[in-house]
Amino acid sequence: MIFNSFEFIFLFLPVVWIVFFLVGRIAPPFAKTWLLLASLFFYAYWNPAYLPLIVGSMIVNYIIGVFLGKNKWLPTRKGILTLGILFNVSLLGYFKYRDFFAENLNAVLGTEISLVQLILPLAISFYTFQQIAYLVDSYRLETNEYNFLNYGLFVSFFPQLIAGPIVHHGDMMPQFSDRKTYRINYENLSKGLVIFSIGLFKKVAIADTFAGYANSGYGSVEALTMVSGWLTSLSYTLQLYFDFSGYSDMAIGLALFFNIRLPINFNSPYKALDIQDFWRRWHITLSGFLTKYIYIPLGGSRKGIPQTYINIFIIFLISGFWHGAGWTFVIWGILHGLASVIARIWKRSGGRLPKLLAWAVTFLFVHLAFVIFRAPDVSVALSVYKAMFGLEGIQLMGISVLFNEDLTHLALVILLGLGIALFAKNSVQIMETQKRTPLMMLFVVMLLYYSAMQLQRVSEFLYFNF
Amino acid sequence: MTDKKFARTALFLFLALAAATAGVNYWIDPLWHYGHANAFNSIQKVTNEREQKIAMLHYGPHDYDTLLIGSSRSTYIHPTAFEGWDVFNFSVANMSVREVHSMMLYSQSQLPDLKRYLIGVDFFKSSEREAAAPRALTNYENKINQPFYRTKNLLSLDSLEISIQNFKKSVTDTIDEDRLYNRKGEAFANRLTEEEVEKSTESKIRRFENVFYGNNYTYYKDYPMILQKIKDAAGDDTLTFYTTPISTGLFVSLVETDLLDDYEQWIRDLVDVNGGIWNFMYPNTITNDQMNYIDGHHFYPEIGTMLAKRIQNNNASDIPTDFGVYVTPDNVDEHLEEVRRLAEKAVKEKN
């Protein structure tokens, strides 16, 4: 089910919410069970075939986690942890990367490994990472006294299930155990309404508008020239931001309706002044996971400067690979890895840029890297780059035909999008404001109303594919 | 304002606005999902004829015994023009001859009492370019069958915008577009002045010459096969083909771009497959008067009514006798010779 769909907003959410609090008054464990079942229904609504996969994965990981958490049979613990991680990596590897490896082996070695062309199980990249973290922490004896209901909800809680944020068991499970969670909390409800409405509007009104332009541009790369190339790439950069942050806002809002606080995943990333700053603001929970479970175990910055740079590079390579089974994602990860290493070297050498220039360099890099992130293959990305750098001419003819919009309108819309991303308060800041004024209420109602009245044009979120 | 008041009022206002939007959209019914008629929804805009007409068939009352299918030209033939027949006019803009078959099958699934089919055919749609590409209603059928399809469209600002336009047109009784419908499925067009007709006809002829006629036209070799498929789909029910009457000005353009032989081939194939066809597409009293057309290509509804009457009653006295000939294998040569003579005369008059 998609957050920006009629079925979700007008049927699933109200029913689940009402029953949750009605039952929660009487028997919180039943409310918890209800929420778990509702989350599984939410997951299965998309493709019931993959329900056994997530349920099986939950059960296996929970059993392994419980075993590791009991700290018995000490000599076997490391082996069991390794098996547990291998189980998760194998699932992800088979469903997400199997064909990618087969295609590359076939190309390099001339083998004829057949492709299975599986549809990627929804959310597998997210719930796999969450469960690996759980296993590692169980091994570290940091996961005591968890029960399966709480664990099941931690993995499948519908607001964060499909596209994150990547939540940590330590943040989530105590909240599911808290009896206060099962009583309506109007502060959470009003905050949830504020951020949910902003997120929904970001997706429906803003991201989907940019999606139209980006799709037109990437659909006709051979026709792109300098101006249309920049319009296309900027449209995607804005689409991705508003789409993904819109989803995260909605997730935070929905969780708050159920008195659950999800971690913040975005903090105005396009305001970043260097690439490290960008990654502290963009997909924060992914960076957190990679830092805690890969960068630090690799030695972090404790093993000298060259090793630190190698470790940084490795986590960005993994990040790229995590985003998709394709060379474009790998290249994108490499570019960010290199940029992060260069930024550190620059900082260590005492280099500083004026604020505006620092922002421009950072934004330009992130934006250019998103071209390869979006392109279906390297040659398309190169075509867009060529156009952007003027190698395909700079003529303005044909722009209105390509985008079905005139140049002035397009430029204004892109400037407006950039203006919101760069200068407006972000949704979490707006949510946290204590102002509960009629004006704020009107703002929320209008955003909700406008967005909910566009639901017949439903479109998927970009991060559903990751 | 407390959080409680904030949350409750916001939710209440949102639901009230959503309900009001759904209410207006239901009342005006701009997508033709409910079928009720009132003074405020008597004039309806076209949003997507295929989707709207499929929705009409799917959700509306099912007492039609006659199915009329054609292109935008045929939309102007009012179902009520046929006496004693309950006609559903399934004509849609830019209809391809390949689409007819899927329209018949869909209609048969919705209308068990169908007895006869009237199929309007256009010469320019017999070209390879226009007829070769496969076309079906599948996407629309899937869309209509989606869960909560009607409810989603009630909760829609796009629908509301059309509802408001329909409301305004209905209360002021304004026909100011090329095609507006009433609740009986009858299409109307705005009345143009002589000067406007002159201009729109000229522009339409230019478009036909640049896009459809001349070198852009090659008679589609599988056209008879498509006709046969339509005939097979009709089974034992009555099947009538008719050609749509274009203005003589547009017909002259066809002749001047050397397509008269293809036209003859087209008529012969129609006659061969079905044993007979009503031909209205040649210079005659109706087509010679360009004021009977919006643009030389689309006729006004009263011409559609004459066409309907002619098909139902060959001897109707209030219709010019030269408007419409039932062509069979017996008279096809004679008729085409006459058309050739009329065409030459029209070309001469034009020049």
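The backbone oxygen of B:His36 lies 3.0 Å from a polar atom of the B:Asn41 side chain, a polar contact in the sense used here (a pair of N or O atoms within 3.5 Å; within protein, one must be able to donate a hydrogen and the other to accept it, and residues adjacent in sequence count only if both atoms are side-chain atoms). The model is a predicted one, in which local features need pLDDT of at least 70 and side-chain atom pairs count only at pLDDT 80 or more, while totals for chains, interfaces and linings use all residues. Residues are numbered from 1 along each chain as its sequence is written, chains are lettered from A and ligands numbered from 1 in the order in which they are written, and side-chain values use heavy atoms, leaving out hydrogens and water.

B:Asn41 sits in the loop between helix H1 (3-28) and strand S1 (44-45); helices (H or I, at least four residues) and strands (E, at least two) are DSSP runs, numbered from the N terminus. Its side chain also reaches the backbone nitrogen of B:Asn38, at 2.8 Å. With a relative accessible area of 0%, B:Asn41 is buried, where buried means under 20% relative accessible area, exposed over 50% and partly exposed in between (1.4 Å probe, protein chains only). Beyond its neighbours within four places in sequence, B:Asn41 is in contact with B:Trp27, B:Ile28, B:His36, B:Ser170 and B:Arg183, contact being heavy atoms within 4.5 Å.

The loop between H1 and S1 of chain B also holds B:Trp32. This tryptophan counts as buried at 6% relative accessibility, and its phi is near 65°, a positive value in a residue other than glycine. Most residues other than glycine have a negative phi. B:Asn94, in the loop between strand S3 (87-89) and helix H4 (97-110) of chain B, likewise has a positive phi, of about 55°, although it is not a glycine. B:Asn94 is partly exposed, with a relative accessible area of 45%.

B:Asn94 is in turn one of the residues in contact with B:Lys125, along with B:Met95, B:Val97, B:Glu130, B:Ala131 and B:Tyr223, when neighbours of the lysine within four places in sequence are left aside. B:Lys125 belongs to the loop between S4 and helix H5 (128-131) of chain B. Lysine though it is, B:Lys125 is buried, with a relative accessible area of 4%.

An α-helix has 3.6 residues a turn, so residues three or four places apart point the same way.

As a whole, chain B has 14 helices and nine strands. Its radius of gyration is 22 Å, close to the 20 Å that the globule rule gives for 351 residues, so chain B is as compact as a globular protein of that length; the radius is taken over C-alpha atoms, and the rule is 2.2 Å times the number of residues to the power 0.38. The C-alpha trace spans about 85 × 50 × 40 Å along its principal axes, and buried residues make up 55% of the chain.

Chain A, by comparison, comes to 20 helices and zero strands. For its 466 residues a compact globule would have a radius of gyration near 23 Å, and chain A agrees at 23 Å. Buried residues make up 56% of chain A.

H9 (residues 186-219) has 34 residues and reaches 46 Å from its first C-alpha to its last, close to the 50 Å expected. H9(A) bends by about 35° at A:Ala207, the bend being the angle between axes fitted to the seven residues ending there and the seven starting there.

Technical notes: The expected span of a helix is 1.5 Å times one less than its number of residues.
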